Amino acid sequence: MAERPAAPAHTHEKREHWSGQTAFILAAIGSAVGLGNIWRFPGQAYEHGGGAFMIPYLIALVTAGIPILFLEHAIGHRFRGSAPLAMKRVHRHAEGVGWLHVAICFVIGLYYTAIIAWALSYFFFSFDLSYADDPAGFFTGDYLQLGEAGTFSMSFVPKVIIPLVAVWLVTIVILALGLHTGVERLNIIGIPVLVATFTVIVVRALFLEGAGDGIEALFTPDFAALSDPQVWIAAYGQIFFSLSLAYGIMITYASYRRRRSNLTAPGLVVAFGNSSFELLAGIGVFATLGFLASQQGVGVGELDGIAGPFLSFVTFPATIAEMPGGAFFGALFFASLVLAGLTSLVSVLQVVSSALQDKLNLKPRTAALAVGGVSAVLSIIGFGTTTGLYLLDTVDQWSNQLGIVAGAITMIAAAVWIGRRGHELERHLAAVSTLRPGKAWLWLVSAVALLLIYMFVEKAVSLAIDGYGGYPTWYVVVFGWGTVLFLALVACLMPLAKWRRDIVRFHPWPTREQLNLPADVGERHTEDYDPRSPS
Amino acid sequence: MSTSAVVLLVVSIVLVWGGLAVSIIVLARRPENDHMPPGGEDTVVPDEVERHPRDL
C-alpha cells in the first residue's frame, strides 16, 4: 500500500469559487427554498396530524436533514468536483452515483421550468385578474388547454410556450454568466427579495377574515397521528425533498467553497433557513385558505386543492379574486413563485453544467448553452403541449419518489458503507468547521439510509402494483418507468466515457495524515484519463 | 384558535425560527475555524494557468 504524500499547498486545481460564506449560504438556501416549500409543506402538515406533524418534522430535520446535508457538504468540499467527479474521488466505482444525480437534475429541470413558466404567466394575468371568474376552468381550459389524460399530444399551446422560452432564455443567460456573475448574483438579490415579498404576503393574509380559522386548521394537533408510521415517513420525506438533498446540488455547491471554509455552522443556517421559510409559507397559505373558506361558508377541511399545482393555480387565484387588492396580492404571490422556482432551477441545472464542465473540459458558457439548449427543446416538446400537465405529474412522481431516494441511498452506500469514507468525512468536517458533527453523525447517516431503503421499496411496489393517477398502463410504463430507465442508463453509461481533463492531479486537504488517518490506497484514475485532452 | 393550536404554533415558531436565529448568531460570532491544519490555500497549478478549457 503506497503512502500518499502530503499535499503541497500549491498543487490544488483551479476551480470557480463563491465570493464568500454569505454568498454560499444564500445560494444554498435559494436552492432549497423552492415551490415545494410553498405548496407541499402546508398540505403535508395538514394531512398528517396538523400541529402534531411538527414533532416528527423537527425530529426529521435534526436526525436526517442536517446529517445528510453535512454529508453532501463534506463530499463536495473535500473531493472538490461536480457530483460525478466528487463521487469518483470518493470511490473509483462510484462515478455512476454522481451521474444518477446529474440525470435526476436534468429531468427535473425539464418540467420545473414549465411550472415557473405557468407562474410567470399568472403574474401577468394578475394585473387584470383574468383567472378570477372561474379559476379551475381558466387554468385547465383557457390556459393549459388540457387534453385527454393518459395521452401524449404534440398540439402545442402558445400561451405556455412563450413564457417557457422566456424562462429558458433567462436561465441559460444566468448559467452562462458563470458561478460568480450569474448564479451568485441571482441568489444575493433574489433571496432577500423573495423573503421580503413573501413576508408582505403573509402579513396581508393574517389580516384577512377567517385567517385564524385557517391557521387553527394547520396547527390543531392530532397526537394520535404520531402512532401512524406513514406520518413519520411523510415528515422525513418532506425534510428530504425540501432541503434539495441527493440531487448532487449540495455536493456541487460545496465544491465551489474555498478549501479553508467553515462547513457545519453555515449548513445549520441553510437547514433552519429552509424550514423557516417553509413555516412562513405554511402560515401564509393556511391564513389565505381560511379566508377562502369563510367566503364560501365552508370549513377549511372542505376546500379542494390545498396542495400541489392546484393550490397555486386554482385555489389561490380563487382566493385572490375574493380579496380586496387582489391584483397586487396575486402579482406578489406569483412573482414569489417565479423567484423561488428560478433560484432552485438554476441550482438543478448547475449540477448538470458542472458535470459536463468536468467530464468534457468545457467552459461554463459552453456547458450552459449545451445543457440549456437541449433541455429547452425537450422541455417545450414535453411540457408545452396540451398534455404537459399529465406528463409533468407522471415524470415528477417517478424521478422524485424513486430517483432521488435511490440517489441518496447509493450516495450513502458508496461513501460510508463501501467507500468507507465516513470517518474521513467526519474528521474533515471537524477540521475545517467551528462545530464538530460528533460520533452520532455517521450513525444517523446510516440509519437514514435504512429508512430510505424502506421508503424506496414501499413506493416502488406501490407504483408497480397500483400504477399512478389512474393513467393507462402503457403511459405509466413509458413515461414513469421510462424515466427510471433513463436515469439508470445515464448512471451506468456515462462512467464509461473518458474524462477530457486531468483528474489525476488531486490531493484532498486536509491530508489523511493531518486527519490522523492511515494513508489512503492512493488511487489515481489514470486509466480513465484521455491523453488526447489538451492538458 | 384553540389553546393546543396556539401552543403548537408558538413552539414551532420558537424552535424553527429560533434555530435559525441561534445558527446565525453562532456563525457570526465565529465565522471560521481558527485552528485549521496548515495548507489548503486555493492557489493554481502553474501549468493549469496556461491550460484553457476546450470549447466545443
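Predicted model: local features only at pLDDT ≥ 70, side-chain atom pairs only at ≥ 80, totals over all residues.
User: Which residues of α1(B) are called buried, and by what cut-off?

Analyst: Buried means under 20% relative accessible area. In α1(B), Ala5(B), Leu8(B), Leu9(B), Ser12(B), Val16(B), Gly19(B), Ser23(B) and Leu27(B) are buried. An α-helix has 3.6 residues a turn, so residues three or four places apart point the same way.

User: How do you know that the span of helix α1 of chain B agrees with its number of residues?

Analyst: The helix runs over residues 3-29, which is 27 residues. The expected span is 1.5 Å times one less than that number, so it should be 39 Å. The end C-alpha atoms are 37 Å apart, which agrees. The helix also bends by about 25° at Gly18(B).

User: What does Phe219(A) touch?

Analyst: Setting aside residues up to four places away in sequence, Phe219(A) touches Ser4(B), Ala5(B), Leu8(B), Leu9(B) and Ser12(B) in chain B, among others. Its partners in chain A include Met54(A), Leu279(A) and Ile283(A). Phe219(A) is also one of the residues that touch the most other members of the largest nonpolar core, alongside Ile75(A), Trp118(A) and Phe313(A). That core has 196 residues. Helix α6 (residues 95-128) of chain A gives the largest share, 21 residues.

User: Why is Thr319(A) called buried?

Analyst: Its relative accessibility is 1%. The cut-off is under 20%, so Thr319(A) counts as buried. Thr319(A) lies in helix α14 (residues 309-322) of chain A. Beyond its neighbours within four places in sequence, Thr319(A) is in contact with Thr288(A), Phe291(A) and Leu292(A).

User: What makes Arg80(A) and Leu129(A) stand out in backbone geometry?

Analyst: Each has a positive phi although it is not a glycine: about 45° for Arg80(A) and about 50° for Leu129(A). Arg80(A) lies in the loop between α4 and α5 (83-90) of chain A. Leu129(A) lies in the loop between α6 and α7 (135-143) of chain A.

User: Why is Arg80(A) called buried, but Leu129(A) partly exposed?

Analyst: Buried means under 20%, and partly exposed lies between that and 50%. Arg80(A) has a relative accessible area of 5%, so it is buried. Leu129(A) is at 25%, so it counts as partly exposed.

User: What makes the peptide bond from Trp509(A) to Pro510(A) cis?

Analyst: Its omega is near -5°. Pro510(A) lies in the segment after α20 (473-493) of chain A.

Notes. Residues numbered from 1 in each chain as written. Chains lettered and ligands numbered in written order. Heavy atoms only, no water. Core = buried A, V, L, I, M, F, W, Y, C linked by side-chain atoms within 4.5 Å. Buried < 20%, exposed > 50% of the residue type's maximum accessible area, 1.4 Å probe, protein only. Helix = DSSP H or I, 4+ residues; strand = E, 2+ residues; numbered from the N terminus. Contact = heavy atoms within 4.5 Å. Bend = angle between axes of the 7 residues up to and from the residue.
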